[in-house]
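Please have a look at the sequence and structure first.

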Amino acid sequence: MRNNNNNKSNQSSGGEEHHSQTPESRFNQTLRNVQGLLKGRSMPGKVLLTRRSELVDQSNSQEPALNYARSFSYNDAETSDSISKALEEAFESPSEPNTNENVNKLKSSTSSVENTSKGAQKSVIGARATDSARVMKFTKVLSGTTVILEKLRELAWSGIPPYMRPDVWRLLLGYAPSNSDRREGVLRRKRLEYLDCVSQYYDIPDTERSDDEINMLRQIAVDCPRTVPDVSFFQQEQVQKSLERILYTWAIRHPASGYVQGINDLVTPFLVVFLSEYLDGSVDSWSISNLSTDQICIVEADCYWCLSKLLDGMQDHYTFAQPGIQRLVFKLKELVRRIDEPVSRHVEEQGLEFLQFAFRWFNCLLIREIPFHLISRLWDTYLAEGDALPDFLVYIFASFLLTWSEELKKLDFQELVMFLQHLPTNNWTDQELEMVLSRAFMWHSMFNSSPRHLATG
């Protein structure tokens with residue numbers, strides 16, 4: 001395949017110019033292509049999330065596993081082909097046989113691309129989710145009698161207009177039915193079911209609880225005031241009571257895991273997004289006391305069911321010993337080793353284990369690592385990934401970590417621990433977040449199409 005591509009390149013009029021490019025310039029161009037797609041009207045490369053049957057291992061399994069997988073739109077065949085070709089050439093160039101070296105060059109070139117494209121990005125990033133063309137696309141998808149979830153995921157990946165976010169999140173998580181005729185009735189029934197659960201499990205005296213349930217409720221009551229401490233809204237007593245009801249009811253209904261510290265963080269994006277249907281302005285100016293009891297109950301119920309749907313896809317992240325998270329941390333360590341071997345080697349030489357800092361990232365999905373006003377945008381991508389989210393988190397977190405590649409290599413063990421516990425993200429804007437997502441998508445595209453680059457040994 002590579003030889004055929006090279007022959008075609010030699011025969012084309014631009015063959016000489018193509019071969020005169022350095023590997024680093026090709027890497028830069030590839031990243032620009034991906035960033036350009038991210039700035040566009042849809043998911044990068046117009047990637048669709050569709051259910052397709054894939055044989056996990058044809059030698060050992062006869063049944064196909066159904067998973068959400070990225071597949072390129074036919075409308076973007078030429079664009080996706082050109083990116084795939086660029087990635088293939090970048091990794092398979094005869095003059096650069098060392099995969100790790102090539103990936104490192106790609107990684108190191110990212111910072112220069114970030115600097116040179118900053119000005120252009122400012123006018124685009126952040127505005128994309130609300131530009132009129134995208135709003136019209138969302139409106140068209142949402143107005144159908146039956147919402148086509150694949151199209152909705154494609155749009156949502158690159159950001160959702162804030163006022164549409166509550167409806168879109170409910171649909172992406174499967175809490176609200178895609179059929180509009182059934183939607184109102186199902187939501188009403190599920191909200192009543194939540195209220196019944198609260199009445200049955202939460203609104204009872206401690207004498208009717210087991211010792212384990214009493215201890216769990218006490219732990220939740222301790223954790224709620226610690227949740228997103230930098231946002232004053234979450235310090236309101238009524239907000240903390242809502243969190244407590246949601247978390248305790250969820251834990252009782254999910255005895256395999258029960259309550260695990262960190263799940264309290266995962267409720268907060270849902271709470272803010274669903275409250276935005278009733279409260280205007282900045283989150284810091286909100287007062288939940290302005291809502292009626294019925295409105296608070298609706299918001300709590302939506303948070304409860306959406307949290308349940310989210311965690312259904314990552315159940316072993318919160319069961320005993322949290323094996324799902326440990327597995328993803330191992331994958332993250334391996335991915336970072338393949339992308340940026342010098343950083344990986346330095347971290348290892350300093351004796352720092354990935355579990356010491358990345359466990360919290362997977363446990364809280366970066367909520368404690370970046371400014372809270374960016375979380376909803378990040379979660380647009382999370383929820384658009386559907387069942388593929390746990391796998392894609394590895395790429396997002398690798399991209400997040402390697403944002404500070406150069407800094408990390410200069411720090412000793414103690415400095416690494418302090419730096420990774422207090423990452424300098426306070427001044428981050430949409431621009432930095434979009435860069436993390438664009439790199440994650442690009443690396444996923446490379447390693448997903450060329451899995452041998454992630455093969456161990």
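Helices α7 and α8 are oblique to each other, since their packing angle is about 130° and their axes lie 11 Å apart. Angles under 35 degrees count as roughly parallel, over 145 as roughly antiparallel, 65 to 115 as roughly perpendicular and the rest as oblique. The axes are lines fitted to C-alpha atoms, for helices over the stretch in contact, with angles running from 0 to 180 degrees between N-to-C directions. On the α7 side, the contact (heavy atoms within 4.5 Å) is made by L149, L152, R153 and A156, and on the α8 side by V168, L171 and L172. By class, this contact has 6 nonpolar, no polar and 1 charged residues.

This is a predicted model: local features need pLDDT of at least 70, side-chain atom pairs count only at pLDDT 80 or more, and totals for chains, interfaces and linings use all residues. Residues are numbered from 1 along each chain as its sequence is written, and side-chain values use heavy atoms, leaving out hydrogens and water.

A second pair to look at is α12 (residues 263-275) with α17 (residues 375-385), whose axes come within 11 Å and cross at roughly 105°. That makes α12 roughly perpendicular to α17. In this contact, L266, P269, F270 and V273 of α12 meet I375, S376, W379 and L383 of α17. The table sets out the residue classes for both pairs.

| α12 with α17 | 7 residues | 1 residue | no residues |

Here Ala, Val, Leu, Ile, Met, Phe, Trp, Tyr, Cys and Pro count as nonpolar, Asp, Glu, Lys and Arg as charged, and the others, Gly among them, as polar.

Back to α7 (149-156) and α8 (165-172): the buried residues of α6 pack against both. In α6 (residues 132-142), R134, V135, F138, V141 and L142 are buried, meaning under 20% relative accessible area, while exposed means over 50% (1.4 Å probe, protein chains only). Seen down the axis of α6, these buried residues fall within an arc of 130°, so they line one face of the helix. The face of α6 turned away from that buried side carries the exposed residues S132, M136 and K140.

Finally, consider R191, in helix α9 (residues 180-202). R191 is buried, with a relative accessible area of 19%. Leaving aside neighbours within four places in sequence, R191 is in contact with R170, Y175, I298, A301, D302 and W305.

Definitions and conventions:
Helices (H or I, at least four residues) and strands (E, at least two) are DSSP runs, numbered from the N terminus. The arc is that of the directions from the helix axis to the C-beta atoms.
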